[in-house]
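Let's take a walk through this one together. Have the sequence and the model side by side, and we'll begin with a single residue before stepping back.

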Amino acid sequence: MLLNRLAFILLFSFVAVALPSCTDQPKKDVSQTEIEDKEHNSKYICPMYCEGSGSQKPGDCPVCHMHYEENKDYKAPK
Ligand SMILES: [Zn+2]
């Protein structure tokens, strides 16, 4: 009887801890990075993908001062 109760408590606490962390995480990160990732999504991007870099015109990265490269994956906004 005692073992059964222990097993039940263990199982219950495992489920209570595991479930919320599984269901919460996956989707949020994707939508945020797609919108704000101008280091990767701009027409011209720093080869080092520095934070705050990226532009619609050719130029130099304000962070590491390397020349921007044309982004082959760039898609013009509709
Ligand atoms: Zn840079």
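Predicted model: local features only at pLDDT ≥ 70, side-chain atom pairs only at ≥ 80, totals over all residues.

H65 sits in the loop between strand 1 and strand 2, and its backbone is worth a look: phi is near 65°, a positive value in a residue other than glycine. Most residues other than glycine have a negative phi.

As for its surroundings, Y49 has 14 C-beta neighbours inside 10 Å, so it counts as partly exposed.

The loop that joins strand 1 (44-45) to strand 2 (69-70) also holds G59. With 13 other C-beta atoms within 10 Å, G59 is partly exposed. What does G59 touch, once neighbours within four places in sequence are left aside? The partners are Y44 and Y68. Take Y44: G59 is 15 residues away from it in sequence, yet their C-alpha atoms are 7.9 Å apart in space.

Time to zoom out. The protein has three helices and two strands, and reading from the N terminus the order is α-α-α-β-β. Of its 78 residues, 6% are buried. As for contacts between residues at least 6 apart in sequence, 16% link residues at least 24 apart.

Technical notes:
Residues numbered from 1 in each chain as written. Helix = DSSP H or I, 4+ residues; strand = E, 2+ residues; numbered from the N terminus. Buried ≥ 20, exposed ≤ 12 C-beta atoms within 10 Å, placed from the backbone. Contact = placed C-beta atoms within 7 Å.
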